[in-house]
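Dear colleague,

I am passing on the structure we spoke about, with the sequence alongside it. Please open it first; my notes on what was found follow below.

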Amino acid sequence: MTFSVEGDYFEVCNCDVSCNCVWLGAATNDNCKDGVDLYGLNAVMAVRSPKRMTDGGWKVALYLDDRASAEQSEALGAVFSGGAGGYLAGLGPLIGEVAGVQPAAITFEKSDGSLHAEVANALSMSSDQLVGMDGQEPAVITNAPFGAVTQPVRQARSKDVSYHGHWSADFSGTNSFVTDFRYEG
C-alpha cells in the first residue's frame with residue numbers, strides 16, 4: 001500500500017519550555033505526553049513516555065475519526081498504526097505498548113494561530129502559536145536533533161490540556177509545537 005497524507009499537526013506536552021526532548025535531553029517533568037492530528041478526517045495519538053523520550057518504552061493510544069467509512073478507517077489505521085510503513089512502525093524502537101486503536105468522535109479547529117482538538121470522552125487540548133521577536137511572524141525551531149514530524153516547527157503554548165483515556169494527565173501553559181506535515185509511505 002502506498003499513501004500520501006498531509007495536514008495540520010500540533011502537539012502539546014507537559015514540559016515547561018520548548019520540549020527538551022527535541023534536543024535529546026530529558027523532559028522537564030517525569031514523563032511526556034503529546035498528541036498528533038490529521039486534517040480532513042482526523043487521527044489523534046496520545047503518548048506517555050519516560051522522562052527522556054529516546055529511551056523508548058512509550059505507551060501509545062491511537063484514536064481514529066469515527067466519521068470515516070470502513071474503507072477510510074482502515075486506511076487511517078494503516079497510515080498511523082504499527083503496520084508496515086505506518087507512522088507508529090517508524091517509531092517502532094521507541095514504542096513499548098500500544099494501549100489501543102479505537103474509533104472516536106474527533107473535532108479539530110484552527111483559527112489565527114490557535115488550535116484545538118477533542119476526542120470524545122478522552123482528550124481535550126488547545127494551543128496558541130507564539131510570535132517571534134519581530135512581533136509578527138511565528139517563533140520557529142528548525143534542525144532540532146529529534147522530532148516526530150518534519151521541521152521547522154513553530155513554537156506554541158498549551159492551554160487546558162486534559163487526557164483521561166488509557167491514563168490521566170491535566171496541564172496548561174506548557175510547551176506546544178505546531179507545523180504542517182506531509183507523510184508518505
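The protein chain holds two helices and twelve strands, and, read along the sequence, these elements follow the pattern β-β-β-β-α-α-β-β-β-β-β-β-β-β. Please keep in mind that this is a predicted model, and that every value below was computed from it. Of the 185 residues in the protein chain, 47% count as buried, and the accessible surface comes to about 8,800 Å², with 50% of that area belonging to carbon and sulfur atoms. Among the contacts in the protein chain with a separation of 6 or more, 59% are made by residues 24 or more positions apart.

If its neighbours within four places in sequence are left aside, Leu91 is in contact with Met45 and Trp58. As general background, nonpolar side chains in soluble globular proteins tend to be buried together.

Next come the aromatic residues, where a search of the whole structure finds three aromatic pairs. In one of them, the rings of Phe10 and Phe108 have their centres 6.2 Å apart and their planes at 40 degrees, so the pair is tilted. Because Phe10 lies in strand S1 and Phe108 in strand S6, this pair ties together parts that are 98 residues apart in sequence. Phe10 is buried, with a relative accessible area of 0%, and Phe108, at 18% relative accessibility, counts as buried because the cut-off is under 20%. Tyr163 and Trp167 also form a tilted aromatic pair, at 5.0 Å centre to centre and with 50 degrees between the planes; both of these residues are buried, and together with Tyr63 they form one aromatic cluster.

Strand S6 (residues 106-111) and strand S7 (residues 114-119) run antiparallel and are joined by six bridges, with Phe108 standing opposite Ala117 in S7. The hairpin of S6 and S7 has two residues between the strands, and Asp112 in the turn has a positive phi of about 50 degrees. S7 is in turn joined by six bridges to strand S8 (residues 123-129), and these two strands also run antiparallel; here the bridge partner of His116 is Ser126 in S8. Three residues lie between the strands in the hairpin of S7 and S8, where Asn121 takes a positive phi near 65 degrees.

Is Thr174 buried or exposed? Thr174 has a relative accessible area of 7%, so it counts as buried, and a polar contact of 2.7 Å joins its side chain to that of Ser158.

Conventions. Residues are numbered from 1 along each chain as its sequence is written. This is a predicted model: local features need pLDDT of at least 70, side-chain atom pairs count only at pLDDT 80 or more; totals for chains, interfaces and linings use all residues. Side-chain values use heavy atoms; hydrogens and water are left out. Contact means heavy atoms within 4.5 Å. Two strands pair if DSSP finds at least two bridges between them. Helices (H or I, at least four residues) and strands (E, at least two) are DSSP runs, numbered from the N terminus. Buried means under 20% relative accessible area, exposed over 50%, partly exposed in between (1.4 Å probe, protein chains only). A polar contact is a pair of N or O atoms within 3.5 Å; within protein, one must be able to donate a hydrogen and the other to accept it, and residues adjacent in sequence count only if both atoms are side-chain atoms. Rings of Phe, Tyr and Trp (its six-membered ring) pair if their centres lie within 6.5 Å; planes under 30 degrees apart count as stacked, over 60 as edge-to-face and the rest as tilted. Accessible areas come from the Shrake-Rupley method with a 1.4 Å probe; for residues, only the protein chains shown count as cover.
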